[in-house]
Amino acid sequence: TVDIHQVFGFLGLPALQSTALEVLLGMSNSEEILVVLREDKKFAQALVALSKREAAMKVLVNVSRDSEVAQMIWLCIPQNTTLNYLNNSLGRMLFCNLSKLTVCKEYLIEHHLNDILSQLDDQHCQYIIIELSASMKMAVFEAVLKERNAEYDDFFASVTKNILFDVE
């Protein structure tokens with residue numbers, strides 16, 4: 001068996017980072033890695049610190065499906081880097097998961113709503129907006145309405161449904 005703690009330790013050694021990330025990626029859908037990530041924030045910090053590497057981002061996307069781990073990841077992401085995440089595909093996938101967190105929703109609505117709306121052709125940005133619309137913030141509805149020029153489609157219907165029926 002693999003000692004996940006040791007693998008995370010290898011992330012601090014540049015010569016072993018790639019191998020460690022590949023091992024973690026292979027395990028990123030397992031309960032074992034979630035248990036380790038939940039026990040200490042430093043493991044989430046190590047992955048976020050390497051988030052410019054594709055394998056690290058893929059691990060973050062996979063493990064952030066767990067709400068407790070997602071919360072830890074959110075706390076490790078410097079807020080001044082949010083736009084960097086929203087401007088790449090894996091980052092948007094990560095924020096699809098993180099946007100389920102109330103604290104992340106509120107931050108995105110307040111600081112990055114227009115950035116997300118400017119990329120509505122992207123499926124992940126649409127999903128993020130649908131998550132944000134579940135927050136009952138009329139600002140999301142009004143911004144989507146303005147951006148889409150009241151064009152009715154499945155995306156707009158999902159946003160409207162979340163606001164009207166308070167899915168949270």
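## A guided tour of an all-helix model

Buried residues, meaning those under 20% relative accessible area, make up 50% of the 168 residues in the protein chain. The model is predicted, so local features need pLDDT of at least 70 and side-chain atom pairs count only at pLDDT 80 or more, while totals for chains, interfaces and linings use all residues. Residues are numbered from 1 along each chain as its sequence is written, and side-chain values use heavy atoms, with hydrogens and water left out.

**Stop 1: the whole chain**

Start with a cartoon view of the protein chain. Among contacts in the protein chain with a separation of 6 or more, 66% are between residues 24 or more positions apart.

**Stop 2**

Two packed helices are described by the angle between their axes and the distance between the axes. The axes are lines fitted to C-alpha atoms, for helices over the stretch in contact, and angles run from 0 to 180 degrees between N-to-C directions.

Select residues 31-39 for α3 and residues 41-49 for α4. Their axes are 5 Å apart and the helices pack at about 105 degrees. That makes α3 roughly perpendicular to α4; this label covers 65 to 115 degrees, while angles under 35 count as roughly parallel, over 145 as roughly antiparallel and the rest as oblique. Now show side chains: V36, L37 and E39 of α3 meet K41, F43, A44 and L47 of α4. Sorted by class, this contact has five nonpolar, no polar and two charged residues. For the classes, Ala, Val, Leu, Ile, Met, Phe, Trp, Tyr, Cys and Pro count as nonpolar, Asp, Glu, Lys and Arg as charged, and the others, Gly among them, as polar.

**Stop 2: R38 and its partners**

Stay in α3 and select R38. Which residues does R38 pair with in salt bridges? One is E31, with the closest N and O atoms 3.0 Å apart; another is D66, at 2.6 Å. A salt bridge here is a side-chain nitrogen of Lys or Arg within 4 Å of a carboxyl oxygen of Asp or Glu.

D66 is in the loop between α5 and α6 (67-76), so its pairing with R38 ties together parts that are 28 residues apart in sequence. R38 is partly exposed at 25% relative accessible area, and E31 is partly exposed at 46%, whereas D66 counts as buried at 17%. A search of the whole structure finds six salt bridges.

**Stop 3: α5 beside α8**

Next, select residues 54-63 (α5) and 89-98 (α8). The two axes come within 9 Å and cross at roughly 20 degrees. That makes α5 roughly parallel to α8. On the α5 side look for E54, M57, K58, L60 and V61, which meet L90, G91, M93, L94 and N97 in α8. This contact has six nonpolar, two polar and two charged residues.

Pick out K58 and E54: they form a salt bridge, with the closest N and O atoms 3.0 Å apart. The two are four residues apart in α5, so about one helical turn separates them. K58 counts as partly exposed, at 32% relative accessibility.

**Stop 4: E131 in α11**

Select E131, in helix α11 (residues 123-133). Is E131 buried or exposed? E131 counts as buried, at 14% relative accessibility. Leaving aside neighbours within four places in sequence, E131 is in contact with C96, S99, K100 and K105. Draw a C-alpha to C-alpha distance to L101 as well: E131 and L101 are 9.2 Å apart in space and 30 residues apart in sequence.

**Stop 5: H112 in its loop**

Finish at H112, placed in the loop between α9 (102-111) and α10 (113-117). H112 counts as buried, at 9% relative accessibility. Beyond the neighbours within four places in sequence, the contacts of H112 are with T82, L83, L86 and Y107.

Note on methods: Contact means heavy atoms within 4.5 Å. Buried means under 20% relative accessible area, exposed over 50%, partly exposed in between (1.4 Å probe, protein chains only).
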